[in-house]
Amino acid sequence: MKCNLKSALISDTTLPNALNDWLKNTPLNKEQQNRYASWLNTNGNDIKEVLNEYFSSDSLKDTITPVWLYHEGENSIATILINQNQAAPEPGEYGSLLAYARAYGYDEKFLCSDCYGQLSCSSCAVEVLQGKTKNPTPKDEEYDMLDIDLDRPPTEFTRLSCQTVVGNEPLFCKIRNT
Ligand code: FES
């Protein structure tokens with residue numbers, strides 16, 4: 001489910017402690033945090049309930065992996081509560097960030113995949129800013145593709161989302177504009 005941070009109204013920003021602690025440590029700025037918190041208290045209420053349980057106990061740690069995809073160009077954030085028992089097979093690696101984005105309804109306009117996970121572009125690049133993936137070290141073929149996009153030179157956090165496999169740690173990722 002996507003929260004448009006541009007238009008989400010700031011209203012009730014109160015969140016349960018564990019969820020609030022997580023939000024305060026994200027790379028979102030203060031205004032974005034307030035808009036996301038307000039959205040969780042309104043349209044995103046179902047997601048809030050699951051996230052609160054996830055962060056305040058261990059009961060969901062073996063079944064759900066929360067992933068946030070912050071889209072810089074849209075100023076929006078997709079919250080994906082990945083069911084660990086239903087791995088998304090493609091595009092790219094089995095259980096990749098890109099595969100889950102597609103499985104949960106996020107299309108090419110939100111996260112590009114010009115070569116459909118064939119490791120011959122870098123349009124699917126994201127920055128994994130928080131959390132450890134299942135394969136934290138890019139293989140050579142992925143590494144070689146990271147710097148081909150001159151408009152989005154890689155940082156230490158850059159990965160190709162079609163090659164980045166989701167594990168059981170929450171991930172906060174950014175789809176860069178430039
Ligand atoms: S979609 Fe082309 S490398 Fe990932």
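Select Tyr70 and Lys174 first: Tyr70 stands opposite Lys174 in S6. This is a predicted model, in which local features need pLDDT of at least 70 and side-chain atom pairs count only at pLDDT 80 or more, while totals for chains, interfaces and linings use all residues. Residues are numbered from 1 along each chain as its sequence is written.

**Strand S2 and its partners**

Show strand S6 (residues 171–175) beside S2. The two run parallel and are joined by five bridges. Strands here are DSSP E runs of at least two residues, helices are H or I runs of at least four, and both are numbered from the N terminus. Two strands pair if DSSP finds at least two bridges between them.

Now colour S2 by burial. Eight of its eight residues are buried. Buried means that 20 or more other C-beta atoms lie within 10 Å of the residue's own; exposed means 12 or fewer, partly exposed is in between, and C-beta atoms are placed from the backbone.

S2 and S3 pair in the antiparallel sense over eight bridges. Pick Thr65 to find Ile82 of S3 opposite. Then go to the hairpin of S2 and S3, with four residues between the strands. Asn75 takes a positive phi there, near 50°.

**Out to the edge**

Stay with strand S3 (residues 76–83) and bring in S1. These two pair in the antiparallel sense over three bridges. Select Cys3; Ile77 in S3 stands opposite.

Now show the whole sheet. Six strands form an open sheet of mixed pairing, in the order S1-S3-S2-S6-S4-S5. S1 and strand S5 (158–160) stand at the edges with a single partner strand each, so one side of each has no neighbour in the sheet. Look along the sheet for the twist, which averages 30° from one strand to the next.

**Helix H3**

Select H3. This helix lies across strand S2 (64–71) and S3, and runs at about 125° to S2. Such angles run from 0 to 180 degrees between N-to-C directions; axes are lines fitted to C-alpha atoms, for helices over the stretch in contact.

**The two domains**

Colour by domain: domain 1 covers 1–60 and domain 2 covers 65–178. These bounds come from an automatic or database domain assignment. The C-alpha centres of the two domains lie 22 Å apart. Their contact takes 14 residues from domain 1 and ten residues from domain 2. Contact means that C-beta atoms, placed from the backbone, lie within 7 Å.

Which elements give two or more residues to the side of domain 1 that touches domain 2? They are strand S1 (2–4) and helix H3 (45–56). H3 gives the largest share, four residues.

**Zoom out**

The secondary structure comes to five helices and six strands. Along the sequence the pattern reads β-α-α-α-β-β-α-β-α-β-β. The C-alpha trace spans about 45 × 35 × 25 Å along its principal axes. Buried residues make up 35% of the 178 residues.

Last stop: the contacts. Among those between residues at least 6 apart in sequence, 68% join residues at least 24 apart.

Key. Contact = placed C-beta atoms within 7 Å.
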